[in-house]
Amino acid sequence: MRLSLSVLILFSLIAVACKPTHEPSAANMVTVSIAPQKYFVDAISGKQIEVSVFVPAGSSPDSYEPNPKRMTDLQKSKAFIQMGNFGFEMAWMPKIKDQFKTLKVFNANEGINFLSDEEHGQNPHIWMSAKQSKILANNIYKALLECFPEKKDLFAQNMKLLETELDSLDLLFAHTLDSVSHRTFLIFHPALDYMAADYGLVQLAIEEHGKEPSPNHLMHISEESKNLNIKLILIQKEFDVENAQVIAKQIGANVVQINPLNENWKAEQLEILKILYENLK
Ligand SMILES: [Zn+2]
C-alpha cells in the first residue's frame, strides 16, 4: 500500500515535470535552418519570438534528412528563414513549400557575394564571417518585420544595437588578424571560407570532395603544410579528429576543435578569433 502510494506520487511528479510550461503558438514562432541564426532572431526580437532550429546539433546542414517530427513542427511556424543554399534546403524546400502552403519562406543569404569551393560548390557558411553576418542579420530583420509588423519599433531598436555589435566585432577581427605572421591554416571541412577571405587569411581543407581524405590526399596535404609552415589545424565537432591528428603529428601543428553550429554565435566568433590569434601570431 505504502509502496503503491509513493509510486503514484512519483508518477504525478513526473507528469508535472514533463508538462510543457509554455506551448508556443503558431502566430509567434519562426523556424530557422541552423542554431546560429537563432542568435540573430533572438537579438532582433528581444526573445519575443519562439525559434525552432531545423537542423539539430550534431547533424550537418549540407546533408541533413529531416524526420517526420521536424516536419510537423513546421506547422507551428509562421515562417521558415532558411539560409538559402544548404544541401538539405535544396533537397527539401520544394516538399516543405508544397506541404505547408501558408508558410512564408525567406532566404537569409540574399545579396551575398558567394565563394565557391570543391566541397560545396557555392559555400553556404556565411555566418562564420562577422562581415557577412551583417548582411545575414539584415535579411533576418526584414523577414521578421514582414511576419510581425506590429513589433516594428522593438525590432528597429534592437537591430540598431545588433548592428553596432556586429560592426565592432568586424573591426576586432580586422585589427586582431592584421598582425598575425602565419596566414594559412588547415581545417577539416571548409567552414571558414568567408572569414578567411574577409580578414586576409588562407584556409586549406583536409576533406576531399566532401568525403574522408584518401591516404594520397593526406600525404599531399602534409607536404604542402610543411612547406607553408602551417601551425594550426581546425576541426569541427561533427567530424573525426583522427586524420587531423595524423597530419598534426607530421607537421608539428596544433589541432583545435571549433563548433560553427554553436547557438551562442558571438561566443563562438570570439573563441575562434582567440584560437586564430594564439596559433598564427
Ligand atoms: Zn559545409
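Let's start with one pair of residues in this predicted model: Leu 186 has Ile 233, in strand 9, as its bridge partner. The two strands involved here are strand 7 (residues 184-187) and strand 9 (residues 232-236), which run parallel and are joined by 2 bridges.

Now widen the view to the sheet. Strands of a sheet pair through backbone hydrogen bonds, either parallel or antiparallel. This open sheet has 4 strands in the order 8-7-9-10, and its pairing is parallel. At the edges sit strand 8 (202-205) and strand 10 (254-258), each pairing on one side only. On average, neighbouring strands of the sheet are turned by 30° against each other, direction ignored.

| Helix | Strands touched | Angle between directions |
|---|---|---|
| Helix 8 (residues 215-228) | strand 7 and strand 8 | about 155° with strand 8 |
| Helix 9 (residues 242-251) | strand 7, strand 9 and strand 10 | about 175° with strand 9 |

Which residues have the most contacts inside the largest nonpolar core? They are Ile 96, Phe 185 and Leu 276, in a core of 68 residues. Helix 5 (residues 130-147) gives the largest share of this core, with 8 residues. Domain 1 (26-173) and domain 2 (176-280) each supply at least three residues to this core. Apart from this core lies another one, of 13 residues, including Phe 188, Ile 206, Ile 233 and Ala 253.

Notes. Residues numbered from 1 in each chain as written. Predicted model: local features only at pLDDT ≥ 70, side-chain atom pairs only at ≥ 80, totals over all residues. Heavy atoms only, no water. Core = buried A, V, L, I, M, F, W, Y, C linked by side-chain atoms within 4.5 Å. Buried < 20%, exposed > 50% of the residue type's maximum accessible area, 1.4 Å probe, protein only. Domains from an automatic or database assignment. Pairing = 2+ DSSP bridges. Axes fitted to C-alpha atoms, helices over the stretch in contact; angles between N-to-C directions. Contact = heavy atoms within 4.5 Å.
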